[in-house]
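Please take a look at this protein chain. The report below walks through some of its parts.

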Amino acid sequence: MAADRRTLIIAGVAMVALILVGVVTSAVFTGSACDAIAPSPVDAGSAGTDVPGVLADAFPDASDTELEAMADDLTTLADDLGPITGIAQTPAATDLAVTDAGLAALGSQVTLLDDTGSQVRAAVELDEGVPVGSGDALYSLMIENPITGQVDALQPLDTAVTSDPDALLEGQTCQDTATVGTPLAFHLDAGGGELLLLRIDEDGSDPDIQLRDPVAGQVWATRLQLDTAPAGVLGERLTGGLGEDVVVLGAWTDPDAPERDDPRMDEIVDVEAVTALARDSGEPRWQLDRDDLRDVLAADVPTAIEVRTVGDEIAVLAAVPEASEQGSVGPTEVIGVAVDDGEVLWHHTLDPETGPTLGDVVTDGERAWVGAVDDAAGMSAIGSLDRDDGEAFPVTTDGGVTSLAPHGDVVVAVGPGTVVLLEPDGSHVASMVLDGRAALHHDQGVTLLFGASDGEDDAVAVTFAD
């Protein structure tokens, strides 16, 4: 008996020691993903209304001739877009956002500007963090897998207009989402100070749609019924978009999928193709299944439904068929649906054998502007899709168009070496020395993000008043 007790004691001590070694080893060798996405203040670049001066600071390797051509291009754009209210140096920026505290240029460095774009309010480096969002908080994300959108950590960045000016872009509470026993997280969308995630166990069970804010954390979570698949596959297949009043989800839909029969179906939202949830509560609003989309989807082909944008009146989806065994891909359908009830308003076919692939999409009231890119031909088509008739793609331009922004009666489209001012029945195209990276319309006007043509991180944000 004494020997048995000694054996049990030794075994117990050994087990505790091994657990402690494992915990310490894990902490030492893995650490927290939060450390790699935390914001670090950096010196702000130049900003103001002196266009030539800021251009010279932003592009130090450009010649005087190149700088003069850049300034001339911006002056020409001001004739169409309105006077320049500000130009700011925004290193490493690739996108733009509107926050409560002003405009934000997003990239590995986040630069927060005032509403006119003429003053830098704060600037931070994010190391490995990927910035997303708008409103009173941005989010720095550790994206473990860009294909699936898996997030290993998330940290809100303060952009509330009521914040202490010295606290703007400070990191708030960071959450690790890849710890043992924690559901995996997959990024779907961000906006209005909130973050939309798919939370799901590693084996693909218990999927939840979660809406978060920077203070309360989880605002709500709604349990979903999805196809049976590993978490990473479901993370890649599910897409989502935040609208003003609804959250729209698009899922993989397979005509041969077995019928779902979960005894908890009264408590679970079955996402067959497209589902809308109330943004304030997560309660179901409306749903579309394959029958509702029978005029759009190929009857016998599994199809991914991608949510491209959710506007005030229209949500734009893309239906992308699965590739065949021979590797060919069927035509992508661009679909417009009403956000209030899910009515299918129009659909337009993009055949990869004869035409371009879907690019940037924005909405403006009852109209959607859709960009389509043919990389092989170096061309872009821009379509104006009206709620009633879905008339599409009247204009084709040389050079790729990467970003669209409604601006009054036109849409502004930017791309490498090109700015397009497109009306529903025609366009004006300007050839640029600067390469367009992003365009954004806001209450004060429109802001365009330009980078250097040599692909360096140098960039400027230029704001034009309405």
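A residue counts as buried when its relative accessible area is under 20%. This model is predicted. Now take T309. Its relative accessible area is 18%, so T309 is buried. T309 sits in strand 22, which covers residues 303–310. Which residues does T309 touch, leaving aside its neighbours within four places in sequence? They are I314, A315, V316, V361 and T363.

**Helix 2**

Helix 2 spans residues 51–58. Four of its residues are named as buried: V51, V54, L55 and A58. Look down the helix axis, and these buried residues fall within an arc of 100 degrees, so they line one face of helix 2. What does that buried set pack against? The partners are strand 2 (47–48), helix 3 (64–81), strand 3 (84–89) and strand 36 (459–465).

**The nonpolar cores**

L55 of helix 2 turns up again in the largest nonpolar core. That core holds 30 residues. Those with the most contacts inside it are L55, F59, L74, L448 and F450. Several elements give two or more residues to this core: helix 2, helix 3, strand 31 (410–415), strand 32 (418–423), strand 35 (445–451) and strand 36. Helix 3 gives the most, with seven residues.

Leaving aside neighbours within four places in sequence, F59 is in contact with L67, M70, L434, F450, G451, A452, D458, A459 and V460. Another core lies apart from the largest one. This other core has 22 residues, including L196, I209, A231 and L238.

Strand 5 runs over residues 102–107. Is strand 5 mostly covered or mostly open? Mostly covered: six of its six residues are buried. Strand 5 pairs with strand 4 (residues 93–99) in the antiparallel sense, over six bridges. A93 has G107 of strand 5 as its bridge partner. The link from strand 4 to strand 5 is a hairpin through two residues.

Strand 5 also pairs with strand 6 (residues 109–113), again antiparallel, over two bridges. In this pairing, A104 stands opposite L112 of strand 6. Strand 5 and strand 6 form a hairpin too, with one residue between them.

In general, the strands of a sheet pair through backbone hydrogen bonds, either parallel or antiparallel. In this model, four strands make an open sheet in the order 16-17-20-21, and the pairing is antiparallel. Which strands are at the edges? They are strand 16 (239–242) and strand 21 (284–288), and each pairs on one side only. Neighbouring strands of the sheet are turned by 15 degrees against each other on average, direction ignored. Strand 20 (residues 274–278) and strand 21 run antiparallel and are joined by four bridges. T275 has Q287 of strand 21 as its bridge partner.

| Strand pair | Sense | Bridges |
|---|---|---|
| Strand 4 and strand 5 | antiparallel | six bridges |
| Strand 5 and strand 6 | antiparallel | two bridges |
| Strand 20 and strand 21 | antiparallel | four bridges |

Notes
Residues are numbered from 1 along each chain as its sequence is written. This is a predicted model: local features need pLDDT of at least 70, side-chain atom pairs count only at pLDDT 80 or more; totals for chains, interfaces and linings use all residues. Side-chain values use heavy atoms; hydrogens and water are left out. Buried means under 20% relative accessible area, exposed over 50%, partly exposed in between (1.4 Å probe, protein chains only). The arc is that of the directions from the helix axis to the C-beta atoms. Contact means heavy atoms within 4.5 Å. Two strands pair if DSSP finds at least two bridges between them. A nonpolar core is a set of buried Ala, Val, Leu, Ile, Met, Phe, Trp, Tyr and Cys residues joined through side-chain atoms within 4.5 Å. Axes are lines fitted to C-alpha atoms, for helices over the stretch in contact, and angles run from 0 to 180 degrees between N-to-C directions.
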